[in-house]
Amino acid sequence: MTPEICPNCGADVPPKARACPECGADEQTGWSERAAAQRLGLQDDEFNYDEFVKEEFGGRKKMPPRPRMGWFWWVVAVGLLIVIAVYFLGLLGVN
């Protein structure tokens, strides 16, 4: 199978060509199964995940710490419970 790009020189190879028009590489001198698999767009066996993450995301960046608001929501919840309790006790007529 003819690769789209010559694995030896990197030149574009026309479909169904028997050899590279630039360097003359062919099935016997340089094309291999690996060269034929280039057109599939699959990752190499030597895939390095850490390198991929570094290239795609620029390495690890520490996230800034989130502000601690837990105590605020506890105060809101307790306040709402007090308001609801006072409202229902007022409806029941309990003094």
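This is a predicted model: local features need pLDDT of at least 70, side-chain atom pairs count only at pLDDT 80 or more; totals for chains, interfaces and linings use all residues.

Trainee: Is helix H2 buried or in the open?

Mentor: Count the residues under 20% relative accessible area, the cut-off for buried. H2 covers residues 49–57, and of those nine the number buried is zero, so the helix lies largely in the open.

Trainee: What sits at the start of H2, and what follows the helix?

Mentor: At the start, a side-chain oxygen of Asn48 comes to within 3.1 Å of the backbone nitrogen of Asp50. After H2 comes Gly58, with a positive phi near 75 degrees.

Trainee: On to the rings. How many aromatic pairs are there?

Mentor: The structure holds four. One of them is Tyr49 with Phe52, a tilted pair with 6.5 Å centre to centre and 40 degrees between the planes. Both residues belong to H2, and they are three residues apart, about one turn of the helix.

Trainee: How exposed are Tyr49 and Phe52?

Mentor: Exposed takes over 50%. Tyr49 has a relative accessible area of 53%, so Tyr49 is exposed; Phe52, at 32%, is partly exposed.

Trainee: Why is the pair of Trp71 and Phe72 edge-to-face?

Mentor: Look at the angle: planes over 60 degrees apart count as edge-to-face. The Trp71 and Phe72 planes stand at 90 degrees, with ring centres 6.2 Å apart, so that label applies. Trp71 is exposed at 58%, while Phe72 is partly exposed at 32%.

Note on methods:
Residues are numbered from 1 along each chain as its sequence is written. Side-chain values use heavy atoms; hydrogens and water are left out. Buried means under 20% relative accessible area, exposed over 50%, partly exposed in between (1.4 Å probe, protein chains only). Helices (H or I, at least four residues) and strands (E, at least two) are DSSP runs, numbered from the N terminus. A polar contact is a pair of N or O atoms within 3.5 Å; within protein, one must be able to donate a hydrogen and the other to accept it, and residues adjacent in sequence count only if both atoms are side-chain atoms. Rings of Phe, Tyr and Trp (its six-membered ring) pair if their centres lie within 6.5 Å; planes under 30 degrees apart count as stacked, over 60 as edge-to-face and the rest as tilted.
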